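Hi everyone, thanks for coming. Let's look at this one together, starting with some aromatic side chains.

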Amino acid sequence: MAARKIPQWYRDEAARRIREARKDKTNYWVRLPQFVRFCVRTGLFPQLVEEPFWSDVLDILRGNRSHKHWLVPREHTKTSFLKALASYLLCDAPPELGGARCRINFAGESKEFAKRNTRALKRILETNSFIIQKYGQMKPSKDLLAELREIYEKAGKEFSRPEWTVTALRTARCVRAEIESGNAWEEPSAFATGLDVATTGMHYEVLFFDAPATEKSAKSQIRKAKAYSTFVDFGSQLLATGLCIVVGTRHAIDDIHHTLLNEHAGEFQVVCRNCWGDDSTDLWIDDFNLDDATGEISFNFDPDQVNVLWHGFGQIEKDVVNGPLPPRERKREALRCLYRKMLRLRSRTKWAHQMLNVAIASEDRLFTEEMFRAFHTTSSKHHRYVFTDSATGSDSRSSYRVVAVVELDPDDNAYVRDLQYGYWAPEEYMTRALDAYTTWGARSMGMEKVAWQDAFKTVLELLCRMRGVPKPRITTIAGRSLISKVERIEGLEPRLKAGKLLFEPGFKERTDVNGRTVWDETVRQFCSVTESGQMGALKIDIPDALSDIDALDNEGRRLFKPPRKPRVENRISQDRLRADAVMEPLRKRIAASRQQAVVGARDPFRQGHQRRDIFGD
C-alpha cells in the first residue's frame with residue numbers, strides 16, 4: 001500500500017516546523033525534527049504541523065514529566081497521534097526509551113478495544129512505503145529468525161517464534177538487536193492490553209492509554225473501580241525511566257480521567273481542550289440554520305468572533321485532494337462540520353462530555369451540591385419508613401442494594417436518618433432491612449415489585465422466625481422502567497430546593513468500603529441523574545430509593561403518608577359553630593310547620609308518640 005498523498009501545504013509547514021525544532025534546545029522524549037518529518041512523510045499525522053496540535057504535542061513530548069494526560073475532543077485525531085508516535089518509536093526510538101528494544105503497551109478500556117490500535121500498527125509497519133524505504137521491512141524475515149534460533153539454542157532456551165499478530169508483535173529491529181547482543185529477550189515490541197484484564201510480569205518503556213474510559217465503562221461502577229485498579233498495576237510495570245501518555249474524553253463525573261485529574265494531579269502534566277479552544281464560546285443548535293432543501297448551513301452569529309480549536313476539523317480528506325481552504329473559509333467549514341457531525345446529533349450531556357471535556361454541562365445539571373443540607377432537630381411527631389432498592393438483574397445474587405430510613409413530619413419534611421448501600425447477597429440485604437425496621441420502629445417497609453420480590457420476602461420471613469419477631473408490614477411499590485425512575489427522582493428536586501429533604505449530619509463522617517463518605521456518595525449519585533438518560537446502567541440507586549417518599553398507589557394516593565397536624569385550640573368551638581349553622585334552618589322549618597297545623601288536628605310530630613287505648617275507639 002502506497003503512502004497517502006501529502007499535500008504540498010503540509011510539506012511546506014513541516015519544513016518550517018523542522019527549522020523551529022532545530023533551534024529549540026528543550027529536551028524532548030524524541031528527536032523532534034525527525035519525528036515531524038516522520039509524521040508528515042508517512043501521512044500518519046500530518047496535522048502535527050498545524051495548531052493546536054503543534055503546541056499540544058510539544059507539551060506532551062517535553063521531557064519535564066514522564067506522565068502526560070491529554071484530554072481532547074472526539075474526532076480530533078488523538079489516536080492518530082498515538083499510532084504515529086508508536087510507529088516512530090518502533091522504527092527509531094532513542095536510547096532513553098529502550099532504543100531497538102523499546103517495548104510499548106497499547107492499553108484501552110478493553111483488550112478488544114486496544115487491539116484496534118495494534119492491528120493498525122501492524123498494518124502500518126507492513127505497508128507504509130516511507131517506513132519500508134527508510135527503515136526496511138519491520139516484519140522479521142526467515143533469515144533473521146534462523147539466526148535468532150541459534151541465539152536461543154546457545155543460551156539453552158527453547159526457541160519461541162517472535163510474535164507478529166494483531167495482539168502482539170516483535171519488530172525486525174528488535175530481533176537484530178537480540179542477535180547482536182547475543183541475548184534472548186522474548187518480550188514483544190508492542191502489545192495490546194485492556195483495563196478489564198490485569199497483567200503481571202510485563203516490563204515496558206512506553207505506556208499508551210487510548211480512551212481508558214468509554215460510555216460502556218461509564219455505566220458500571222465496578223468497571224470504573226476495575227479500570228483504576230488495573231491502571232495502577234500497569235503503572236507499576238512501567239520502567240522508572242519510561243513514558244506514559246493518557247488520551248481520551250470525559251464520560252462520567254467519576255471516571256478514570258476524573259481520578260487522574262484529582263488524585264494524581266502532581267504526577268501528570270495535563271493538557272485539556274474543548275472544541276471551541278477556550279471557555280468563552282458556547283454555541284448550540286439554535287445558533288445554526290439548516291436548509292433542508294439545499295443542505296446549506298448558515299450562522300446566527302458572526303463566525304469571525306467565534307474561536308474554534310482546530311480549523312481543519314472534518315476536512316482531512318478535502319485537504320488531501322484539494323489542499324486546505326483559505327483561513328477564513330477553513331474556519332467556517334470547521335463550524336459547519338462541528339454542527340453537521342457532532343452538535344445536532346448529540347444531547348447536551350454527550351456534547352459536554354465528548355466535545356467540551358466537561359463531565360456534566362452546568363446548564364443541564366438537575367441537582368447541585370448546594371441543594372443538600374443537614375438537619376439539626378426533627379419533629380417530635382413523625383412517621384418512619386424503611387425504603388429499599390435492589391439493582392438485581394437476571395438472578396438474585398449479590399447486587400448493588402440500598403436500605404434507607406426516612407422520617408416524615410406533619411409538614412411533610414423528610415429526614416434521611418440512616419442510609420446503607422453496597423453489594424449484598426439477599427440474606428444480608430434483608431438482614432439490614434429488618435435491622436433498620438426494628439431499630440427505628442418503622443411503620444412499614446417499601447419494596448419494589450420486581451421479579452425477585454417474593455424471594456426477598458421469603459428470606460425476610462425466615463429471618464423473622466429465627467429471631468422470633470413479627471414480620472414487618474410490606475408496602476409494595478410498582479415496578480418502573482428507567483424513564484419512570486428518572487422522572488420520579490426528578491420529582492425530588494422541589495423538595496431539595498425548598499429544604500424539605502434533609503440528611504443526617506453524621507453522613508459526612510461515615511465512610512463506605514470505597515473510602516467515600518456516605519454524604520459524598522449520595523450527592524454524587526444525585527448529580528449523576530442528568531447522565532442517566534444516556535447511560536442506562538449508571539448508579540443512581542440511592543436517589544431511586546429515596547424517591548419512594550412520594551410514591552403513589554394505583555388510585556393516586558400516597559403510600560407513605562406524613563402524620564396529621566395537631567388540632568388547633570379552638571377547633572372544637574369551630575366545629576360546634578359549623579354544626580349550629582347547618583342545623584338552624586332545619587329547626588326554623590320545623591317550628592313553622594307546627595304553627596301552621598290545623599286546630600284540633602293531631603300534631604304529626606307527636607302522633608307516633610301518643611299513648612292509645614287499644615280497646616278504645
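Phe 288 and Phe 299 are both buried, meaning under 20% relative accessible area with a 1.4 Å probe, protein chains only. Before I go on: this is a predicted model, where local features need pLDDT of at least 70, side-chain atom pairs count only at pLDDT 80 or more, and totals for chains, interfaces and linings use all residues. Residues are numbered from 1 along each chain as its sequence is written, and side-chain values use heavy atoms, with hydrogens and water left out.

How many aromatic pairs are there? Counting rings of Phe, Tyr and Trp (its six-membered ring) with centres within 6.5 Å, we get 33 aromatic pairs. One of them joins Phe 288 and Phe 299, 5.8 Å centre to centre with 75 degrees between the planes, so it is edge-to-face, the word for planes over 60 degrees apart. Phe 288 sits in strand 8 (residues 288-290) and Phe 299 in strand 9 (residues 297-299), so the pair ties together parts 11 residues apart in sequence. Strands here are DSSP runs of E, at least two residues, numbered from the N terminus.

There is also an aromatic cluster made of Phe 45, Phe 53, Trp 70, Phe 81, Trp 310 and Phe 313.

Definitions and conventions. Rings of Phe, Tyr and Trp (its six-membered ring) pair if their centres lie within 6.5 Å; planes under 30 degrees apart count as stacked, over 60 as edge-to-face and the rest as tilted. Helices (H or I, at least four residues) and strands (E, at least two) are DSSP runs, numbered from the N terminus. Buried means under 20% relative accessible area, exposed over 50%, partly exposed in between (1.4 Å probe, protein chains only).
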